[in-house]
Number of protein chains: 2
Amino acid sequence: MKIEMTPIGTFYTGETDIPRHWTVSEARGRIEVDPAYQQGLKDIEAGQQIVVLFCFHKSREFAPDLLVQKPPHKDRPFGVFSICSPRRPNPIGLSVLRVSGIRENIIDVENIDMIDQTPILDIKPHLPPSA
Amino acid sequence: MKIEMTPIGTFYTGETDIPRHWTVSEARGRIEVDPAYQQGLKDIEAGQQIVVLFCFHKSREFAPDLLVQKPPHKDRPFGVFSICSPRRPNPIGLSVLRVSGIRENIIDVENIDMIDQTPILDIKPHLPPSA
């Protein structure tokens, strides 16, 4: 079974030193959503957090030697499903970003950990488990 | 640009009355991961929460009339990127589930809001924004 996705937009940033994770990032960038989807952004507001799903488009293809990996900032190897490594069976990344502004089809975001020109797959509301 | 994904496993449940959202669900099910990926589960433990990405495999294809939708439990329409509707440009779902048990390639989970036989795309650790 294969599932085919098409990006809804692209992420851009001028930052060259991208933090390893959104939980520790203060870097900025912007998501340019395909104008065909602009109406779907109408309830996103500056100040809120959004969940952004994206494609690790620069990662090499997954192979069994990547099932267990030692993250650079950890002291031991972990199973791939317990870490946020970009080298995973399906190359989907997830970051929770703060919206610093929105106009037309462009969302300015903070806390970014994606590289320039990352394809964006989806944007969802950020909900606490107790919501 | 097309991005192709292959499920890492399948979700099963005997529940017939699936809650509308994981934030309000006490229903249970299990994720059966492809045995080829079993080693990647080694650090998942009962009691923890995991982020599960899955495919809304029963949703109809996205169309422009779905850019703004009124969720059943809301009093007004919202842009698709501010709601968790299964009818979205890329049919990726996200649920935060509690692990009630794990053995070999099978994860027992609670708080489920997916239907039986949902294809699973990824499992990630659940991290608070302040982590």
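**Reading a two-chain model**

The largest nonpolar core has 54 residues, and A:F54, A:L121, B:F54 and B:L121 have the most contacts inside it. A nonpolar core is a set of buried Ala, Val, Leu, Ile, Met, Phe, Trp, Tyr and Cys residues joined through C-beta atoms within 7 Å. Buried means that 20 or more other C-beta atoms lie within 10 Å of the residue's own, with C-beta atoms placed from the backbone.

Colleague: What am I looking at?

Modeller: This is a predicted model: local features need pLDDT of at least 70, side-chain atom pairs count only at pLDDT 80 or more, and totals for chains, interfaces and linings use all residues. Residues are numbered from 1 along each chain as its sequence is written, while chains are lettered from A and ligands numbered from 1 in the order in which they are written.

Colleague: Which residues is A:L121 in contact with?

Modeller: Contact means C-beta atoms, placed from the backbone, within 7 Å. Leaving aside neighbours within four places in sequence, A:L121 touches A:M5, A:P7, A:I8, A:L53, A:F54, A:C55, A:I92, B:N90 and B:I92.

Colleague: What rotation superposes chain A on chain B?

Modeller: Two copies of a chain are related by a rotation about an axis and a shift along it. Here the rotation is 180°, the shift is 0.0 Å and the RMSD is 0.0 Å. The two copies are thus related as by a two-fold rotation axis. In chain A, the residue closest to the axis is A:E4, at 2.3 Å (C-alpha).

Colleague: How do I read strand pairing?

Modeller: Strands of a sheet pair through backbone hydrogen bonds, either parallel or antiparallel. Strands are DSSP runs of E, at least two residues, numbered from the N terminus. A pair needs at least two DSSP bridges.

Colleague: Which strands form the closed barrel?

Modeller: Six strands of chain A, in the order β2-β3-β8-β7-β4-β9, with antiparallel pairing. Within chain A, β3 (residues 28-33) and β8 (residues 106-110) pair over five bridges. A:G29 stands opposite A:V109.

Notes. Least-squares fit on C-alpha atoms with pLDDT ≥ 70 in both. Buried ≥ 20, exposed ≤ 12 C-beta atoms within 10 Å, placed from the backbone. Contact = placed C-beta atoms within 7 Å. Helix = DSSP H or I, 4+ residues; strand = E, 2+ residues; numbered from the N terminus.
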